[in-house]
There are 2 protein chains.
Amino acid sequence: MNSRRSTPPAGRASAPAASPWRASRERLRDRELKREAVIRAAAREFNRKGYHNTSLDDIAARLEVTKPTVYYYVTNKEQLLFECFVAGVEPIRAAFRDARELPVPARERLKAVLRHYGEAVASEFGWCMVRAEDQDLSPAMSRHIKQLKSEIDHGIRRLIREGVQDGSIEPCDAKMTAFALAGALNWIAHWYREDQSMTGAQIAEAFVTIFEGGLRPRGSASAPGARARTRRVRGSPTR
Amino acid sequence: MNSRRSTPPAGRASAPAASPWRASRERLRDRELKREAVIRAAAREFNRKGYHNTSLDDIAARLEVTKPTVYYYVTNKEQLLFECFVAGVEPIRAAFRDARELPVPARERLKAVLRHYGEAVASEFGWCMVRAEDQDLSPAMSRHIKQLKSEIDHGIRRLIREGVQDGSIEPCDAKMTAFALAGALNWIAHWYREDQSMTGAQIAEAFVTIFEGGLRPRGSASAPGARARTRRVRGSPTR
């Protein structure tokens, strides 16, 4: 079980704390690791059995602790689902922040974000990311989740518009394009377990390649025939 | 209510049947129209309230008929969900059959199928198409749905492979590309009601344009700068 990895490192009890502050820091870190283990175990159970079919007892059993121990880290099951959602989207939000600093065209920044997005959806938090909103949550929780999703959606649209402006992205409808990209990535949560031959990062990279290049062959020296054919059937490339 | 359209045409009762066979044909047609109305009403209720929260009473009430009337057309709620699923995927299966006859490159045939796919997911049957499998159905029903989905998935992969062979599609991983395209289209069912400004056909067309062209600008006379930049960042286009 992965949750075992989150127990305190061996030898901790035998090393005397040098100062009460150090002991306090260690306790905080220990608590954080255990909290993460609770969230990760919950994400796996929700993914496996669905939110409504999973009880805090199930999650406690999975961690080999009692239910009050779980309550020490979260106030209720709804908050636990929310924490799973946040654990899933946080790497995407971080990718947006990191991308802002990159001195590259917007298409490359968008690709960096989409890679993190794909990896997150293929992670154990994927189910919670894409299904949390459907679980009859309280209006406040639902609003909070919608807000975080909307922030990500608008971040993607912004990068697309910036790419069209800096010439790195073909002119397109930013909203529809964002919906198509995010939809393809979100759907990974529905099928990923079926394909264990690729890691989440490999799936994300494959999708980014597809989004970037499109189906229509690129005119290149290696495929002059395809290029000629492409021209013929091009139609209206940008509506 | 759309279901009203499915009641017998006005004047039917007053026109005497010319022969018992004609009357019989009319009865069959009448039954078929009513059956379609039941399926359509069910799809709307499942979409609105979820499968488990919808009863046959709700559907009967929506149609202003009694529950036994609903049972006249379907044996139970599970079969009703299956019929909604079939009503959603049938136009896609028909599109595959029609595409086979088209004397155009495989990319054009694929696009024709994807347009029908997108329209179907944006229709009232979209929720049932993408969510039927999650509803704890009987193993036999679940298998049947999986089989129909797999047939569509493999049809898309086959058209992609044919396109790579005839030069109309950029060489790619057919399975991952099929998953990306279908995922983006399936996800339409999650958001479509939010955007009433475009029809299902318009959404499908917008998505097909995005899939076809990709994000990277096409080298063209109108954007020579973008073309030069594209070459530089191309990397490994097909992994």
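These legends go with close-up views of a predicted two-chain model.

**Notes for all views.** Residues count from 1 along each chain as its sequence is written, with chains lettered from A and ligands numbered from 1 in the order in which they are written. Since this is a predicted model, local features need pLDDT of at least 70 and side-chain atom pairs count only at pLDDT 80 or more, while totals for chains, interfaces and linings use all residues; side-chain values use heavy atoms, leaving out hydrogens and water.

**View 1. How confident is the predictor about chain A and the complex?** The average pLDDT (the predictor's confidence in each residue, from 0 to 100) for chain A is 85, and 83% of the residues reach at least 70. Residues 1–13 of chain A, though, sit below 50, with twelve contacts in the model beyond near neighbours in sequence; a contact here is heavy atoms within 4.5 Å. Residues 221–239 of chain A also stay under 50, with 23 contacts beyond four places in sequence. For the complex, ipTM is 0.81 and pTM is 0.81.

View 2. Look for Glu78(A) in helix H4 (residues 77–101) of chain A; helices are DSSP runs of H or I, at least four residues, numbered from the N terminus. Glu78(A) does make a side-chain polar contact with the side chain of Ser138(A), at 2.7 Å. Tyr51(A), Leu137(A) and Met141(A) are among its other contacts, leaving aside neighbours within four places in sequence.

**View 3. Glu78(B), over in chain B.** This residue lies in helix H4 (residues 77–101) of chain B. Glu78(B) is buried with no salt bridge, and Lys77(B), the nearest side chain of opposite charge, is 9.8 Å off. Beyond four places in sequence, Glu78(B) touches Tyr51(B), Leu137(B), Ser138(B) and Met141(B).

**View 4. Ala178(B) in helix H8 of chain B.** Helix H8 spans residues 174–186. Ala178(B) counts as buried because its relative accessibility is 0%. Arg157(B) is 21 residues away in sequence, yet 5.7 Å from Ala178(B), C-alpha to C-alpha. Contacts of Ala178(B) outside its sequence neighbours within four places include Asp153(B), Ile156(B) and Ile160(B).

Definitions and conventions: Helices (H or I, at least four residues) and strands (E, at least two) are DSSP runs, numbered from the N terminus. A polar contact is a pair of N or O atoms within 3.5 Å; within protein, one must be able to donate a hydrogen and the other to accept it, and residues adjacent in sequence count only if both atoms are side-chain atoms. Buried means under 20% relative accessible area, exposed over 50%, partly exposed in between (1.4 Å probe, protein chains only). Lys and Arg count as positive and Asp and Glu as negative; His and the chain ends are not counted. A salt bridge is a side-chain nitrogen of Lys or Arg within 4 Å of a carboxyl oxygen of Asp or Glu.
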